[in-house]
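Q: Hi! Could you walk me through this model, one bit at a time?
A: Happy to. Here it is.

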Amino acid sequence: MRRVSKSQFKARALELFRQVEASGEPVIVTDKGRPVIEVRRYRTDQRSPLECLRGSVLELVEPFEPVWED
């Protein structure tokens, strides 16, 4: 993932927007080396929230059994 400082982003914002739009790869904007903003292509998800969650819930058969064994 590409990282740019706030000052670089300010100077090249339109160019970076076009690159993100074309490649789909997000850009992280940093402030003093710390990530603060992620710029990524907008995607619409036409699915309902329940459809988005479908298949993501695991069945817990034995809740008191250890999850991890050494």
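Q: Let's start with Tyr42: buried or exposed?
A: Tyr42 is exposed, with a relative accessible area of 70%. Here buried means under 20% relative accessible area, exposed means over 50%, and partly exposed is in between (1.4 Å probe, protein chains only).

Q: And where does Tyr42 lie?
A: Tyr42 lies in the loop between S3 and H2. Helices (H or I, at least four residues) and strands (E, at least two) are DSSP runs, numbered from the N terminus. From C-alpha to C-alpha, Tyr42 and Lys10 are 20 Å apart in space, and 32 residues apart in sequence.

Q: Before going on, what kind of model is this?
A: This is a predicted model, in which local features need pLDDT of at least 70 and side-chain atom pairs count only at pLDDT 80 or more, while totals for chains, interfaces and linings use all residues. Residues are numbered from 1 along each chain as its sequence is written, and side-chain values use heavy atoms, with hydrogens and water left out.

Q: What is the mean pLDDT of the protein?
A: The mean is 89, and 97% of the residues reach 70 or more. pLDDT is the predictor's confidence in each residue, from 0 to 100.

Q: Where is confidence lowest, and where is it highest?
A: Confidence is lowest in helix H2 (residues 49-53), with a mean of 85, and highest in strand S2 (residues 27-31), at 97.

Q: On to the sheet. What is the strand order?
A: The order is S1-S2-S3, in an open sheet of three strands with mixed pairing. Two strands pair if DSSP finds at least two bridges between them. Strand S1 (2-5) and strand S3 (34-39) are the edge strands, each pairing on one side only.

Q: How many bridges join S1 to S2?
A: Four, and these two strands run parallel.

Q: Which residues does Thr30 touch?
A: Leaving out residues up to four places away in sequence, Thr30 touches Arg3, Val4, Ser5, Lys6, Pro35 and Val36. Contact means heavy atoms within 4.5 Å.

Q: Where does helix H1 lie?
A: Helix H1 (residues 6-23) lies across S1, S2 and S3, running at about 145° to S1. Axes are lines fitted to C-alpha atoms, for helices over the stretch in contact, and angles run from 0 to 180 degrees between N-to-C directions.

Q: Which residues make up the largest nonpolar core?
A: It has eight residues: Val4, Phe9, Ala13, Leu16, Val20, Val27, Val29 and Val39. The largest share, four residues, comes from H1. A nonpolar core is a set of buried Ala, Val, Leu, Ile, Met, Phe, Trp, Tyr and Cys residues joined through side-chain atoms within 4.5 Å.

Q: Last one: how many aromatic pairs does a search of the whole structure find?
A: One. Phe9 and Phe17 pair edge-to-face, 5.7 Å centre to centre with 75° between the planes. Rings of Phe, Tyr and Trp (its six-membered ring) pair if their centres lie within 6.5 Å; planes under 30 degrees apart count as stacked, over 60 as edge-to-face and the rest as tilted. Phe17 is partly exposed, with a relative accessible area of 40%.
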